[in-house]
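Please keep the sequence and the model in view while reading.

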Amino acid sequence: MTLRFRLIAVSFRWRESFFRFASKHDKEKGKYSMNVTERRRAVLARVRGEGRQTLAALAHHFGVSVQTLRGDIRVLAEQGLILRRHGEVMPFPDQENVGYDQRQIVNQEGKRHIARQAASLISNHQSLFLGTGTTVEQLADALRDKQGLQIMTNNLHALIKLCALECELVVAGGRVRRRDQDVIGGDAWRFFQRYRVDIGIVSVGGMDSHGQLYDYNDDEVMAREALLAHAAYRILVLDKTKFDLPLRCAAGSLADYHAVITDSPLPDRLRSPLAAQGVRFMSGG
């Protein structure tokens, strides 16, 4: 085979490979050449249809950068259409929180760290209000070394664990929200109205970038407001999955608390003004 023939053959194979790649690229480009509105609708449909997705996987599927995809997710989350977590998104239908069993397995170590920090602020023989949520539930395990506590709660998950402690327990009565196994709304409001305690410990559904707090419905907010109104010292426990998560119902702000405990540091722009006013911040960072 002459040198000239070899060069012609190599050139032909190169051009064939190039056109095959270009054809495939054009198909992919055509597949994902949708405008912003169309892409966001498609992202929403995929998350609702297939469940939890990572940002990287969604960006790859739609042929855009993670930064572009993050902008889409932010808009959809602000509209209450999906639930945004660090590096991933999940369905968020009808402004209801995901199931309790699902929340229990999210960021467990972070919630345990928060619980240990909160327990360090509690002394023997104090009286406590414990609110609802998986982070507050973790506190029940962290209180095992405390003596003579008086605990009042509407969190039935925490109640089960607290039964293993040597403490006085009082539980809210009324209509049980079976999915979350707690008592909220008017029944919890009346319960917390009856007592005065040293420390009240609560969590919330989400927090926006300005430090405003939110929850999923008015019943949860109502119960928490009564709890906080009758606690001399108020502690907010908030894991990082709640950051940058504005929801439908306003639930106060960081300034309503004496101590804010997180597993990841809050930005200085949120902490500094409040720390100057005496709010204590504790975190894992």
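R177 is buried, as is E220, where buried denotes under 20% relative accessible area, exposed over 50%, and partly exposed in between (1.4 Å probe, protein chains only). The model is a predicted one, in which local features need pLDDT of at least 70 and side-chain atom pairs count only at pLDDT 80 or more, while totals for chains, interfaces and linings use all residues. Residues are numbered from 1 along each chain as its sequence is written, and side-chain values use heavy atoms, with hydrogens and water left out.

**Salt bridges**

- R177 and E220 form a salt bridge, with their closest N and O atoms 3.2 Å apart; the term denotes a side-chain nitrogen of Lys or Arg within 4 Å of a carboxyl oxygen of Asp or Glu.
- Because R177 belongs to strand 7 (residues 176–177) and E220 to helix 10, this pair ties together parts that lie 43 residues apart in sequence; helices (H or I, at least four residues) and strands (E, at least two) are DSSP runs, numbered from the N terminus.
- The structure holds 13 salt bridges.
- One of them links the side chains of E109 and R112, at 3.7 Å from N to O.
- E109 and R112 are 3 residues apart in helix 6 (residues 108–119), so about one helical turn separates them.
- E109 also forms a salt bridge with R116, the closest N and O atoms being 3.3 Å apart.
- E109 is partly exposed at 47% relative accessible area, R112 is partly exposed at 33%, and R116 is partly exposed at 45%.

**An open sheet and its helix**

- Strands of a sheet pair through backbone hydrogen bonds, either parallel or antiparallel.
- Here, 3 strands form an open sheet in the order 10-11-13, with antiparallel pairing; two strands pair if DSSP finds at least two bridges between them.
- Strand 10 (206–207) and strand 13 (249–253) are the edge strands, each pairing on one side only.
- Helix 10 (residues 218–229) packs on the sheet and touches strand 11 and strand 13, a contact being heavy atoms within 4.5 Å.
- The direction of helix 10 makes about 25° with that of strand 13; axes are lines fitted to C-alpha atoms, for helices over the stretch in contact, and angles run from 0 to 180 degrees between N-to-C directions.
- Strand 10 and strand 11 (residues 212–215) run antiparallel and are joined by 2 bridges.
- M207 has L213 in strand 11 as its bridge partner.

**Buried positions in helices**

- In helix 3 (residues 55–62), the buried residues are L55, L58, A59 and F62.
- These residues lie on the same side of helix 3, because they cover an arc of only 100° around the axis; the arc is that of the directions from the helix axis to the C-beta atoms.
- G63, which follows helix 3, has a positive phi near 65°.
- T135, in helix 7 (residues 134–142), is buried at 3% relative accessibility.
- Leaving aside residues up to four places away in sequence, T135 touches K111, I114, V237 and D239.

**Cysteines**

- A search of the whole structure finds 0 disulfides, a disulfide being a pair of cysteine sulfur atoms within 2.5 Å.
- For C163, the nearest cysteine sulfur is that of C167, 7.9 Å away.
- C163 is exposed, with a relative accessible area of 56%, whereas C249 is buried, with a relative accessible area of 9%.
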